[in-house]
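Please read it with the sequence and the model open.

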Amino acid sequence: MGISREILLWGSRNKWLADQLTGRSFTRRAVQRFMPGEELSAAIDATESLRQKDISTILTLLGENVSETSKADALVEYYLKVLDRIREMGFDADISLKPTQLGIDLDFERTCDRYETLVTRAAELGRMVAIDIEDSSYVDRTIELYRRMRAGHSNVALCLQAYLYRTASDLVTLLPLAPIIRLVKGAYNERPEIAYRRKKDVDANFLRLTDTLLQEVSRDGGVRAFFGTHDPRMVNEIIARAEALGLPRDAYEFQMLYGIQRELQTRLAAEGYRMRVLISYGESWFPWYMRRLAERPANILFLLRNLFSG
Ligand code: FDA
């Protein structure tokens, strides 16, 4: 792992830095590259423009590590309204939530209840709820949360991270549930005792997990695979491996973040692949934005250009 990635991930957890940078206009301008705006209306407008390119979306209000029960409860009410708005607009749009946003640091059972409310309502509307995965200290609890949700519902997806050594066995133990898995490389700063740190190794594990998922999809036992990556090499490998198994283009889904690899997103959708873009929006963008910078430190140049452009 490069030193700049470590610094950026450290910065993502630094409150002083967050206070310094969040109010600055140059940072706000740079953030717009990855976020259509702070309001739901901006995410709705972005969904509308993506729909015209046959790209579906996932909406997520930025925020993590909620420290008050009332805030986690309020968020459930908020997302119920988002689901209603999605229905009104007739969008193919889902929602994605971080367990710490729904209070997992405060009370596991109540967090399950909050997800249950949202997953139940989403099912009534034919929508899906994705459970994001955060740093490694949350993985056991997040998997348990997924098991609970999956026991009663089929419209819930779980994100798994290819950089963790444990993910291969987590995936195998989840397979009997016929899970819906969003496979990503992983965005946090993890220790070498538990995670691959070199891109080459993360990529190799990503592809091993891809093989497992695609084989399960081809067995048609209900497993569904979403691939959350902007890496053109991974995309090509996924397509080649799916073709080798005889899977049609709509048997699995690519997911990318808003603003990243836009051309690739458009091309995949035009070629008949299922393409879904995760739109993050809201005021609490700082840690999330720092993780985006850490994924590609070249993006810092973009931030600096905004600093000097007024
Ligand atoms: P990688 O970082 O290896 O980069 C490969 C190439 O992709 C780069 O050379 C560049 O071309 C392009 N690229 C990647 N990131 C870019 C960026 N920020 N700007 C511009 N180009 C970029 N993580 C997590 O830990 N928990 C989660 O719940 C989620 N959820 C999630 C949902 C979705 C839909 C996506 C797409 C991603 C996540 N992630 C996540 C983030 C994920 O773990 C990972 O950090 C990023 O997707 C970056 O990894 P890549 O596979 O894209 O490639």
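Is V223 buried or exposed? V223 is buried, at a relative accessible area of 7% (buried means under 20% relative accessible area, exposed over 50%, partly exposed in between, with a 1.4 Å probe and protein chains only).

## Basis of the values

This is a predicted model, in which local features need pLDDT of at least 70 and side-chain atom pairs count only at pLDDT 80 or more, while totals for chains, interfaces and linings use all residues. Residues are numbered from 1 along each chain as its sequence is written, and side-chain values use heavy atoms, with hydrogens and water left out.

## Surroundings of V223

V223 sits in the loop between helix 9 and strand 6. Helices (H or I, at least four residues) and strands (E, at least two) are DSSP runs, numbered from the N terminus. Leaving aside residues up to four places away in sequence, V223 touches L175, A178, P179, L213, E216 and V217 (contact means heavy atoms within 4.5 Å). R13 is 210 residues from V223 along the chain, and the C-alpha atoms of the two are separated by 35 Å.

## Packing around helix 9

Two packed helices are described by the angle between their axes and the distance between the axes. Axes are lines fitted to C-alpha atoms, for helices over the stretch in contact, and angles run from 0 to 180 degrees between N-to-C directions. Helix 8 (residues 167–174) packs with helix 9 at an angle of about 10°, the axes being 10 Å apart. Helix 8 is therefore roughly parallel to helix 9 (angles under 35 degrees count as roughly parallel, over 145 as roughly antiparallel, 65 to 115 as roughly perpendicular and the rest as oblique). T167, A168 and L171 of helix 8 meet L209, T212 and L213 of helix 9.

Helix 9 (residues 199–219) also packs with helix 10, at an angle of about 30° and with 10 Å between the axes. This angle makes helix 9 roughly parallel to helix 10. On the helix 9 side the contact is made by D203, F206, L207, T210, D211 and L214, and on the helix 10 side by R233, M234, E237, I238, R241 and A242.

## Aromatic pairs

The whole structure holds 6 aromatic pairs. Rings of Phe, Tyr and Trp (its six-membered ring) pair if their centres lie within 6.5 Å; planes under 30 degrees apart count as stacked, over 60 as edge-to-face and the rest as tilted. F227 and Y252 form an edge-to-face pair, because their planes are at 70°, with the centres 6.2 Å apart. F227 belongs to strand 6 (residues 224–228) and Y252 to the loop between helix 10 (232–244) and strand 7 (253–257), so this pair ties together parts 25 residues apart in sequence.

Y252 also pairs with Y273, in a tilted arrangement with 6.4 Å centre to centre and 50° between the planes. Y273 lies in the loop between helix 11 (262–270) and strand 8 (274–281), so this pair ties together parts 21 residues apart in sequence. F227 is buried at 0% relative accessible area, Y252 at 3% and Y273 at 6%. Ring pairs join F227, Y252, F254 and Y273 in a cluster.

## Positive phi angles

Most residues other than glycine have a negative phi, and most peptide bonds are trans. D54 is not a glycine, yet has a positive phi of about 65°. D54 lies in the loop between helix 4 (40–51) and strand 1 (56–61) and is exposed, with a relative accessible area of 61%.

Q261, also not a glycine, has a positive phi near 55°. Q261 is in the loop between strand 7 and helix 11 and counts as partly exposed at 32% relative accessibility.
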